[in-house]
Amino acid sequence: MDVIDDGRCFICGKDNPIGLKAQFIIDPEQRRAETTVQIPEHFQGWQGITHGGIISALLDEICAQACMGSGMQVVTSELKLRYRAPVPTGSTIRVVGEVTGKRRRLVDAKGRAELDGQVVAEAEVVMFRLG
Ligand SMILES: CCCCCCCCCCCCCCCC(=O)SCCNC(=O)CCNC(=O)[C@H](O)C(C)(C)COP(=O)(O)OP(=O)(O)OC[C@H]1O[C@@H](n2cnc3c(N)ncnc32)[C@H](O)[C@@H]1OP(=O)(O)O
């Protein structure tokens, strides 16, 4: 399986006009990635509340970025999520991901989203290494 970055990822792509255009701080030594994003109003589910799929996508992406930042090309194989508190649209959240382990072709990672220092969602992710 080949993957291509054409700049149109809806989380990070600079060329996706409706995306979040998230930018990442990568720490390759700690195998960690971080971003801070403001959730647009149009990413709501229930009125005024960010759709859970958006939070899920951010946690998926941050774990992928932590892997890619430490030199691994990956796709997501498995994603487990715990939503701890609703995220109002318009709010700014911090999303942090880190690689926690490696098993042959698989890479374990975990992520969390924080609003004003409170954890609003957590994820455990299994990534599959390509190549
Ligand atoms: C700094 C750089 C910036 C670059 C900046 C670029 C940005 C550019 C945009 C980025 C964007 C990112 C976005 C986020 C990351 C997505 O969201 S990626 C998209 C979502 N994910 C996918 O589309 C993946 C879909 N799944 C697949 O393609 C295939 O299932 C896989 C994962 C490639 C594996 O397929 P396969 O080669 O057929 O392998 P398979 O036989 O299923 O598994 C191989 C072995 O691994 C095991 N295995 C696989 N998964 C698991 C699992 N979860 N648990 C346990 N065992 C497993 C299997 O049991 C098997 O074991 P053995 O039988 O060999 O003992």
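# Notebook: a predicted chain and its ligand

**Entry 1, the record.** I started with UniProt, where an unreviewed entry places the feature "domain: Thioesterase" at residues 47-116. UniProt positions are given here in the numbering used for this structure, feature names are shortened, and annotations may be inferred rather than shown by experiment. I noted that residues are numbered from 1 along each chain as its sequence is written. This is a predicted model, where local features need pLDDT of at least 70, side-chain atom pairs count only at pLDDT 80 or more, and totals for chains, interfaces and linings use all residues. I then looked at the span 47-116 itself: its end C-alpha atoms lie 21 Å apart, and it is 26% helix and 46% strand.

I checked pLDDT, the predictor's confidence in each residue, from 0 to 100. The chain averages 97, and 100% of the residues score at least 70. The model's ipTM is 0.89 and its pTM is 0.94.

Which residues are closest to the ligand? I found Ala-64, Val-75, Ser-77, Glu-78 and Phe-128, out of 18 residues that surround it. A residue counts as near if its C-beta atom, placed from the backbone, lies within 6 Å of the molecule. Helix H1 (52-69), strand S3 (74-83) and strand S6 (118-129) are the elements that give two or more residues to this shell. H1 gives the most, with five residues. Here helices (H or I, at least four residues) and strands (E, at least two) are DSSP runs, numbered from the N terminus.

I also sorted the shell by class: ten residues are nonpolar, three polar and five charged. Ala, Val, Leu, Ile, Met, Phe, Trp, Tyr, Cys and Pro count as nonpolar, Asp, Glu, Lys and Arg as charged, and the others, Gly among them, as polar.

Is H1 mostly covered or uncovered? It is mostly covered, with 13 of its 18 residues buried. Buried means that 20 or more other C-beta atoms lie within 10 Å of the residue's own (exposed is 12 or fewer, partly exposed is in between, and C-beta atoms are placed from the backbone). Ala-64 sits in H1, and it counts as buried because it has 25 C-beta neighbours inside 10 Å. I also saw that Ala-64 and Val-74 are ten residues apart in sequence but 6.7 Å apart in space, C-alpha to C-alpha.

At 1.5 Å a residue, the 18 residues of H1 should span 26 Å, and the end C-alpha atoms are 25 Å apart, so the two agree. The expected span is 1.5 Å times one less than the number of residues. After H1 comes Gly-71, with a positive phi near 90 degrees.

Two strands pair if DSSP finds at least two bridges between them. S2 (residues 32-38) and S4 (residues 92-103) pair antiparallel over seven bridges, and Arg-32 has Glu-98 in S4 as its bridge partner. S4 and S5 (residues 106-115) pair antiparallel over nine bridges. They form a hairpin with two residues between them, where Arg-104 in the turn has a positive phi of about 45 degrees. S5 and S6 pair antiparallel over ten bridges, and Asp-108 has Val-126 in S6 as its partner.
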